[in-house]
Amino acid sequence: MLPYPDETKVADVLSRLSRLPPLVTSWEVERLKSELAEAQRGERFLLQGGDCAERFDECNSDLIAKKLKILMQMSLVLLYGLKKPLVRVGRIAGQYAKPRSTDTETRDGLSLPTFRGDLINKDGFTTEDRTPDPELMLEGYVKASLSLNFIRALLDSGFADLHHPEYWDLDFASHSPLEDEYRRIVSSISDSMDFFESISGRSIHQTTRVAMFTSHEGLHLPYEQAQTRYIPRWERWYNLATHFPWIGMRTGDLDGAHVEYFRGISNPLGIKVGPGMTGESLQKLLEVLNPLNEPGRITLIHRFGVSQVKKRLPSLIRAVQATGSPVLWCCDPMHGNTEVTADGVKTRRFDNILDELEMSFDIHDHSDSHLGGVHFEMTGEDVTECTGGARGLTDADLARAYKSQVDPRLNYEQALELAMRITGKNFRSTASQDS
Ligand code: PEP
Ligand code: CO
């Protein structure tokens, strides 16, 4: 754990946190688990997306609505193209702690602890800012609950009616050779929904309640533990700070504290799977984290990068198949494709993201497996953090609206375009030839 200077204060905060009401219910968590079990059987598709790190000062109506809008529109595009219901999961309402590759940051000869996310310390460059402050966990709980409250209200009041063409920002399409296809997808979605509404005589949101779940990396164990409750109804423990916590690349150590914590909760779990993981270590993780082979319990989120995925993924798929344990495979095409520009700016290229996705779908198909979900870092705003996409953003454009403190996100247009590419007719035409 991070060295908080005052242990008494930590204990006080955790005790207060553990008495506050949970953010989600065990019923919702179980519902998500059963939807993920359906995705494992190929009956649903998982869309998981949101910021790399949420910021406390971005907990406002406009930004939350924009995040929800892009997630909903992508899910409509995927539903339309894949002909399967979606499981919608935001990296939202709790994605406040970040793993960092170094413990300290040095500027002009001064070294201070790194910024580890709003849940832990502040990003200003003073000793005071960078000293871990337990009160931030309470603020994180409050910001998460405010976000979730607003999301629930938006969904309940018809925000899910976003299929009407006037809500789609399609200006980018005119910059793409696939413009006609993009416009056709949106008008087909809109027509289908109109048709549904006319025959049912009701608007979509009155007919089906759109479910959306929350997720975050279960990194900062004191926060997670304080929101972990025993539910007599199920006779099991649940993390009720989120529906779907995941274990990050840096905390998947079999003997580590994180795996020990995750072993004891009943939520569905994501496990990030990257180049460092062997078939054997993955098998052991499955044994420890899902000893009873419960359906829906495990989602493996692979993030190899376009240059590694063909080499690494097939043997891991075989290793998992050998266990007979059910998993949902999901591709995170972001974290293996991070690069740094000549100016030292972290970015990701749209084409690499798309290529890793294409290859992943194909590798699963050729391995008697299936890719049942995608995981993106994205935002509903017009940021310039990733390059490429229909507008052809270049390294030089990054300076215009680069806001992320950590990893670069797809902007609204890039995220929407990606969903359209996945469902479009040209997807998987190139990667399939040589995988
Ligand atoms: C993340 O999802 O933001 C992250 C840090 O990913 P990973 O653990 O896969 O590197
Ligand atoms: Co990230």
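**Cysteines and barrel of a predicted model**

Modeller: The structure holds zero disulfides. It is a predicted model, in which local features need pLDDT of at least 70 and side-chain atom pairs count only at pLDDT 80 or more, while totals for chains, interfaces and linings use all residues. Side-chain values use heavy atoms, with hydrogens and water left out.

Colleague: How do you know that Cys330 is in no disulfide?

Modeller: A disulfide is a pair of cysteine sulfur atoms within 2.5 Å. The nearest cysteine sulfur to Cys330, that of Cys331, is 7.2 Å away, so Cys330 is in no disulfide.

Colleague: Why is Cys330 called buried?

Modeller: Buried means under 20% relative accessible area, exposed over 50%, and partly exposed in between, with a 1.4 Å probe and protein chains only. Cys330 has a relative accessible area of 0% and is therefore buried. Cys386, at 0% relative accessibility, also counts as buried.

Colleague: What makes β10 and β11 a pair?

Modeller: Strands are DSSP runs (E, at least two residues), numbered from the N terminus. Two of them pair if DSSP finds at least two bridges between them. Strand β10 (residues 298–302) and strand β11 (residues 328–331) have four bridges, in the parallel sense, and therefore pair. The bridge partner of His302 is Cys331 in β11.

Colleague: Which closed barrel includes these strands?

Modeller: The closed barrel of eight strands runs β1-β2-β5-β8-β9-β10-β11-β14, with parallel pairing.

Definitions and conventions. Residues are numbered from 1 along each chain as its sequence is written. Chains are lettered from A and ligands numbered from 1 in the order in which they are written.
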